Amino acid sequence: MIPELGNFSLILGLTLGLVLAVFPMIGSLNNTPAWVALARPTAWGQFFFVALSFACLVNAFLVDDFSVLYVSQNGNTQLPTIYKVSAVWGAHEGSLLLWALILSGWTVAVSLFARDLPAVVLARVLSVMGMISIGFLSFLLFTSNPFDRRFPVPLEGGDLNPLLQDFGLAVHPPMLYMGYVGLSVAFSFAIAALIGGKLDAAWARWSRPWTTVAWVFLTIGISLGSWWAYYELGWGGWWFWDPVENASFMPWLAGTALIHSLAVTEKRGAFKRWTVLLSLLAFSLSLLGTFLVRSGVLTSVHSFAADPARGLFILVFLCLVIGGSLALYAWRAPDVSSGGRFDFVSRETLLLGNNLLLVVITAFILLGTLAPLVYDALGWGKISVGFPWFTTMLIIFAPFMILLMGIGPLARWKHQDSDELLRKLRLPFLVSVGAGLVAAMPVLHEGWSLWIGEAVMLSVWLLATLFIGLRQRLQHRQGPTGIWRDLRLRGSGSYYGMLVAHFGIAVFVVGVTAANLFDVEKDARMSPGQIIEVAGYSFRFDGVEAHQGPNYRADLGTVSVFKGEREVAVLKPEKRTYLVQTKPMTESGIDAGFTRDIYISLGEALGGGDWSLRLYYKPLVRWIWLGGILIAIGGLLAATDKRYRMAIRHRASVLVKGGLAAGGRP
Amino acid sequence: MHPKRKKRLYLIVLMVIGIGIGIGLTLNAFNDNLMFFYSPTEVVSGEAPSGHPIRIGGLVTTGSLKRQENGLTVNFDVTDNAETVNVEYTGILPDLFREGQGIIARGKLDTDGVFVADEVLAKHDENYMPPEVADALQTAHEEGVEDMNQRGAIP
């Protein structure tokens with residue numbers, strides 16, 4: 001009964017999505033206030049029904065209703081409650097329902113928090129989001145209904161994939177989806193603005209906090225995924241350039257370009273067309289990501305069993321969204337005025353350079369991700385693009401980006417005197433080159449290391465330029481106490497957000513470089529009591545014992561780690577076998593630290609109490625995620641900037657008078 | 001030309017050249033990093049280059065997994081149900097590695113026809129067959145059927 005309720009409310013959600021997509025849009029074009037007013041209640045109604053539907057599916061998992069096919073495949077009575085809930089999005093159908101729920105959630109959020117938006121603009125934004133939700137809800141209902149029943153009803157469910165029975169993975173997809181779907185807000189704002197023909201600073205100001213929040217979620221989602229892969233897969237890697245990882249990284253890069261270009265459009269009125277194009281691109285890339293994950297066209301660790309009908313549906317939807325939005329762009333964009341002019345040496349140019357680099361990197365990742373598909377389609381053979389290529393590509397382009405990242409915040413808008421800029425940059429340049437040389441010297445490691453030198457140089461460059469920027473700002477704001485006043489009263493959140501996020505990049509660069517260059521890995525056969533030395537640490541294998549978990553059996557190894565005489569940690573890597581899916585699973589033993597991780601995963605029993613073990617020493621690997629957290633905090637600071645609220649309140653009175661005409665077609 | 005304009009032009013040209021060089025380098029590296037996939041049949045017939053990194057895939061032959069003395073190096077056969085290739089791998093096999101299952105191995109073919117793998121991939125989902133492997137099995141199957149038909153035509 002309850003699953004049917006879920007199914008019906010999903011259908012109602014789709015119906016309301018149709019209403020939302022059609023009436024407010026038409027109403028906004030032919031000045032019918034009643035139709036425009038429909039937007040808000042319809043969005044709420046849609047959210048209500050999709051949420052109800054989602055709750056029904058959660059309930060089906062909680063009560064182990066195995067008459068529902070999806071539950072019987074992914075649920076199990078033995079599953080701990082938290083994983084019963086996360087099992088809802090553990091496979092294809094449920095994760096799409098989560099997508100749809102989050103999309104309708106964002107729609108409601110826009111209707112609630114953007115109250116000061118002119119009614120016409122709001123109606124159009126919500127309407128476009130309604131169109132996207134039609135795509136996803138009909139995809140759910142027609143090709144992947146999570147409420148399909150099965151008969152006869154099995155007594156026990158097929159269980160959640162053991163890899164997914166983990167806290168990191170319980171929260172990773174919702175965060176990532178919040179980011180993916182959040183970019184639809186920027187997309188919808190852009191489409192609404194194109195339809196209205198009014199691309200001005202106000203549009204950029206409305207769009208900006210939403211884009212930043214979506215980007216923060218994407219940052220958190222990607223960092224969580226990388227952290228999860230690190231401790232759960234047992235390979236010690238944190239990024240694999242897997243197609244699905246690329247699918248999340250591309251919208252992030254495009255989103256990064258977008259938040260920078262939105263800043264220019266808001267502050268200077270320049271780059272309007274480019275910003276719109278990036279808004280369309282960022283969301284299109286997140287749709288493409290969904291297509292790649294869901295259709296199974298690419299070999300990836302994330303692939304679910306493929307279903308051609310689904311792939312075709314998403315491909316058609318993708319073409320409609322990308323083709324439609326680009327056509328609208330081609331039709332309307334030429335009317336957009338080019339906006340603020342700027343000199344060659346100016347902050348605008350530097351941000352343009354940053355955007356260019358981000359887009360080039362995105363394009364290359366797209367090339368590397370889609371090349372296997374293209375080669376296969378053209379009959380050139382089956383290929384995969386090697387891991388090292390992606391790394392090489394980043395090593396070529398990222399240094400230039402960081403160089404610009406240092407200069408950009410110090411340059412003035414519109415016109416910058418180049419001599420003055422060079423004077424400001426002299427000290428950071430000398431300091432960073434010096435630090436890079438010291439780090440590259442053979443004192444700290446064997447031989448000269450150009451890579452570590454370069455990484456340290458770039459990080460110090462970023463830090464030094466950030467420091468100079470901060471000092472310059474505080475000179476006019478009565479010293480360090482000025483920061484607080486700045487944040488509280490003046491709405492400088494986006495400035496400090498930029499500082500924190502760029503600082504996060506510096507931390508990330510150091511972490512990646514150290515973890516890649518100085519990690520030590522050793523596969524070994526160990527007998528109980530045997531000691532092996534890796535990177536100055538002694539690892540003593542103390543044998544393996546049997547252990548019983550709630551829904552799995554495990555071989556629990558014990559390894560004591562010593563530094564000299566001092567015991568540093570006792571690690572317990574596990575090899576689990578889940579009772580239902582009988583899949584072996586590695587749970588690595590990790591001693592996490594600010595300066596290094598010690599990471600052990602258990603291989604196989606080799607007889608006579610011997611086991612194969614994989615021992616890692618990973619310096620500064622935590623800095624990678626620390627950087628990710630800092631970047632996200634920076635984004636949050638920027639998104640909560642008081643300025644947006646103040647500015648909106650100030651303008652609200654003006655816009656009320658403007659009424660419908662304000663957003664109408666010119 | 002106005003000196004200021006000239007300076008700007010130089011800078012733009014410099015930027016374009018810089019980005020061009022970057023793109024050129026990346027595309028050049030791209031070709032070196034392409035790894036082609038070969039089925040066991042193609043490896044046996046000598047289509048696969050030796051000494052160059054490639055990927056092969058197929059089903060692990062049941063009963064073929066052998067562990068060498070040091071305990072870390074294993075040998076196993078990979079088949080597309082027509083031909084088999086012996087694979088050698090040193091290290092810890094992935095959790096989902098099992099005989100009878102589809103896998104993909106990345107590595108180089110040595111001169112004796114043994115595939116020395118740097119990495120062995122088995123997928124998260126046990127129902128999931130890597131598309132390349134499924135394709136290789138399908139091709140070998142079709143060729144086998146054709147072969148039988150031809151033989152049947154000659155009484």
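**Close-up 1. Contact between helices H8 and H10 of chain A.** In this predicted model, A:Leu176, A:Tyr180, A:Leu183 and A:Ala186 of H8(A) meet A:Ser248, A:Pro251, A:Gly255 and A:Leu258 of H10(A), where two residues are in contact if their C-beta atoms, placed from the backbone, lie within 7 Å. The residues of this contact of H8(A) with H10(A) divide into six nonpolar, two polar and no charged; Ala, Val, Leu, Ile, Met, Phe, Trp, Tyr, Cys and Pro count as nonpolar, Asp, Glu, Lys and Arg as charged, and the others, Gly among them, as polar. Helix H8 (residues 167–196) and helix H10 (residues 243–268) of chain A pack at an angle of about 45°, with their axes 11 Å apart, and that makes H8(A) oblique to H10(A). Axes are lines fitted to C-alpha atoms, for helices over the stretch in contact, and angles run from 0 to 180 degrees between N-to-C directions; those under 35 degrees count as roughly parallel, over 145 as roughly antiparallel, 65 to 115 as roughly perpendicular and the rest as oblique. Helices (H or I, at least four residues) are DSSP runs, numbered from the N terminus. Residues are numbered from 1 along each chain as its sequence is written, and chains are lettered from A in the order in which they are written. As the model is predicted, local features need pLDDT of at least 70 and side-chain atom pairs count only at pLDDT 80 or more, whereas totals for chains, interfaces and linings use all residues.

Close-up 2. A:Trp210 lies in helix H9 (residues 201–232) of chain A and is buried, with 25 other C-beta atoms within 10 Å; a residue is buried if 20 or more other C-beta atoms lie within 10 Å of its own, exposed if 12 or fewer, and partly exposed in between. When residues up to four places away in sequence are not counted, A:Trp210 touches A:Val185 and A:Ala186. A:Trp210 and A:Leu183 are 27 residues apart in sequence and 8.0 Å apart in space, C-alpha to C-alpha.

**Close-up 3. Packing of helices H3 and H7 of chain A.** Helix H3 (residues 39–62) and helix H7 (residues 119–143) of chain A pack at an angle of about 30°, with their axes 9 Å apart, and H3(A) and H7(A) are therefore roughly parallel to each other. At this contact A:Ala39, A:Ala43 and A:Gln46 of H3(A) meet A:Leu122, A:Ala123, A:Leu126, A:Ser127 and A:Ser133 of H7(A), a set that divides into five nonpolar, three polar and no charged residues.

Close-up 4. Most residues other than glycine have a negative phi, and most peptide bonds are trans. The peptide bond from A:Phe151 to A:Pro152 is cis, with omega near -5°, and A:Pro152 lies in the loop between H7 and H8 of chain A. A:Asp64, in the loop between H3 and helix H4 (69–74) of chain A, has a positive phi near 55° and counts as partly exposed, with 18 C-beta neighbours inside 10 Å. A:Trp241, in the loop between H9 and H10 of chain A, has a positive phi of about 50° and is buried, with 20 other C-beta atoms within 10 Å.

Key. Helix = DSSP H or I, 4+ residues; strand = E, 2+ residues; numbered from the N terminus.
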